Amino acid sequence: ADLAWEGMKVLMRSLNRQLRKTSLSLRSVSPFLAGLRSTDIPMPGVAVEEESDEKRVTVQAFHGHMELLLTKTKPKKLTMVGSDGQEYTYLLKGREDLHLDERMMQLLTIVNTFMRQDRASYSRDLSARHYAVIPVGPRSGLIQWAHGTVPLFGVYKAWQVRQQTAEGKEGSLMRPSDMFYEKIMPALKEYGITRVTSRKEWPHEVLKRVYTQLVQETPRDLLAKEIWCSCVSPAELWAKTNVHARSLAVMSMVGYVTGLGDRHLDNILMDFGSGEVVHIDWNVCFEKGLKLKVPELVPYRMTQTLQASMGFSGLEGAFRIACEKALRVLRRNKEALLTLLEAFVYDPLVDWTAADKGNDEASKQVELHVSLSLFASRVDEMKVVLSDNLHRGHHTIGSLQQALSRWLHASTAEGACKQEAEEMGGMLRVANDKLKHLDWEEQEKAERMKTLNALQPHVEKQWTYTKQALQDALVACAQALAQQDSSLSLIRGTQLMQTKDLLSSLLR
């Protein structure tokens, strides 16, 4: 049985290695790109200040390997070498329309232009950090890699690892959603709700209590300590904290104006080198979050951890001033922004409005079609590996059947052994009873011997007394016999003389 299960474990490990593969050879995926050299193709997303061949950066080559990110659409991380000798990294995404992200990056570029034209905003260096998005097809494109950034979830996960190591625990880490459901289910049962219904029907007081517990379990200064650890002097800490607060303010105001949602920990990046905040994944915007299964009602993400990361002043310092300045600039240039946003609304490639109830079924069908198409592509990629694993599976199942047969035979033999063991157990119990009886007899003998040993001095004393009494009686008897003998001798001599005289007289 162990050999059969070992085969299944080997098969499972092989499948996990294939599913968690993080590196691919570019030549095996696209030999054409792998052999590309010294092209005239401009480097995607690189701005050119002057239209001249000397200033333009072109693609010289591709790196031979690309990384595979383990997310839903499995995007690939590509690295290109430019004509200036520098490396440019991009994320190649498929099965996803990037036109929305491209337009939102254009919006951020225009907002930065307005910020530079405003004296108060320019003096505070207010800007929204963005990146290049280049759609290369209806459902694919390149996204410029944000170097030096870390997702906030990565910071939180690193803290979880430290806590688990300090407490000496082992096992996989829990995601925030798993922690939420671990607490909400017992709380709902205490409230009397045994059947899990829609989250819209859950009592607000229960949700609030669970939320408060989760907030208390997460350190408030988690992000602030990470910023502090990335600084080498108090001056750098002060400057980086201000940059962080202002960047967070600008992105929060832009997100509020555009109705940006889906701001979970993986969609907010942190650059600890500069303190800036980078937002990614702009698919849920223009108040689409209000129509989700769990509506997003907050205008932007502002948790206690983000508040503490902005320094001792919190919301009432650089963050508040930057919010006011950013909103003033956006309001002053609202005509230009509305003109740009109108193009978004009338763009036939993207559904910018929230889907109504009539289109729910169509949306589900589209999502199902995309998911099936994505699954089919994954199966094609792993066809050879899956075929090999299928043969291994057949062989392993045969071994498993043999092992199960041996296990059934061993189970039958085990039953017989159990019966014999029970009979032997009965015999042992009888022997134990006899041993207990013998032990009782030995114990009784020992008690008697103990009693005799205790009586021995008394008996010896009585025997000595009796012996002395007998000796005294024997001496007295001896004396009495002597007296008797002397008396008899006296009596015998006188009587004989009298008897003799009497006889003599009678004879005369």
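The model is a predicted one, and its chain holds 15 helices and 10 strands. Of the 508 residues of the chain, 29% count as buried. Among contacts in the chain between residues at least 6 apart in sequence, 66% join residues that are at least 24 apart.

**Loop residues with positive phi**

- With a relative accessibility of 24%, aspartate 262 counts as partly exposed.
- Serine 38 also has a positive phi, of about 45 degrees, although serine 38 is not a glycine.
- The place of serine 38 is the loop between helix H3 (31-34) and strand E2 (59-62), and its relative accessible area of 54% makes it exposed.

**Helix H10 and its crossing with H4**

- Helix H10 covers residues 234-258, and its axis comes within 12 Å of the axis of helix H4 (residues 99-117), the two crossing at roughly 125 degrees.
- The crossing of H4 and H10 is right-handed.
- On the H4 side the contact is made by Met104, Leu107, Leu108, Val111 and Met115, and on the H10 side by Val250, Val254 and Thr258.
- Sorted by type, the residues of this contact between H4 and H10 are seven nonpolar and one polar, with no charged residue among them.

- Glutamate 236 forms a salt bridge with lysine 240, and the closest N and O atoms of the pair are 3.3 Å apart.
- Glutamate 236 and lysine 240 are four residues apart in H10, so that about one helical turn separates them.
- The two partners are classed as follows: glutamate 236 is partly exposed, at 27% relative accessibility, whereas lysine 240 is buried, at 5%.

**The crossing of H7 and H8**

- The axes of helix H7 (residues 176-191) and helix H8 (residues 204-217) come within 10 Å of each other and cross at roughly 140 degrees.
- H7 and H8 are therefore oblique to each other, because angles count as roughly antiparallel when they are over 145 degrees.
- The crossing of H7 and H8 is right-handed.
- H7 brings Met179, Phe180, Lys183, Ile184, Ala187, Leu188, Glu190 and Tyr191 to the contact, while H8 brings Glu205, Val206, Leu207, Arg209, Val210, Gln213, Leu214 and Glu217.
- By residue type, the contact of H7 with H8 divides into 10 nonpolar, one polar and five charged residues.

**Other salt bridges**

- A search of the whole structure finds 14 salt bridges, one of which joins the side chains of glutamate 167 and lysine 169, with an N to O distance of 3.0 Å.
- Glutamate 167 is partly exposed, with a relative accessible area of 48%, and lysine 169, with a relative accessible area of 54%, is exposed.
- The side chains of glutamate 324 and arginine 320 also meet in a salt bridge, with 3.5 Å from N to O.
- Both glutamate 324 and arginine 320 lie in helix H12 (residues 318-332), where they are four residues apart, about one turn of the helix.
- Glutamate 324 counts as partly exposed, with a relative accessible area of 45%, and arginine 320 likewise counts as partly exposed, at 42% relative accessibility.
- Salt bridges that share partners join Asp118, Arg328 and Arg332 into one network.

Key. Residues are numbered from 1 along each chain as its sequence is written. This is a predicted model: local features need pLDDT of at least 70, side-chain atom pairs count only at pLDDT 80 or more; totals for chains, interfaces and linings use all residues. Side-chain values use heavy atoms; hydrogens and water are left out. Axes are lines fitted to C-alpha atoms, for helices over the stretch in contact, and angles run from 0 to 180 degrees between N-to-C directions. Angles under 35 degrees count as roughly parallel, over 145 as roughly antiparallel, 65 to 115 as roughly perpendicular and the rest as oblique. A crossing is left-handed if the near helix is turned anticlockwise from the far one by less than a right angle, and right-handed if clockwise. Contact means heavy atoms within 4.5 Å. Ala, Val, Leu, Ile, Met, Phe, Trp, Tyr, Cys and Pro count as nonpolar, Asp, Glu, Lys and Arg as charged, and the others, Gly among them, as polar. A salt bridge is a side-chain nitrogen of Lys or Arg within 4 Å of a carboxyl oxygen of Asp or Glu. Buried means under 20% relative accessible area, exposed over 50%, partly exposed in between (1.4 Å probe, protein chains only).
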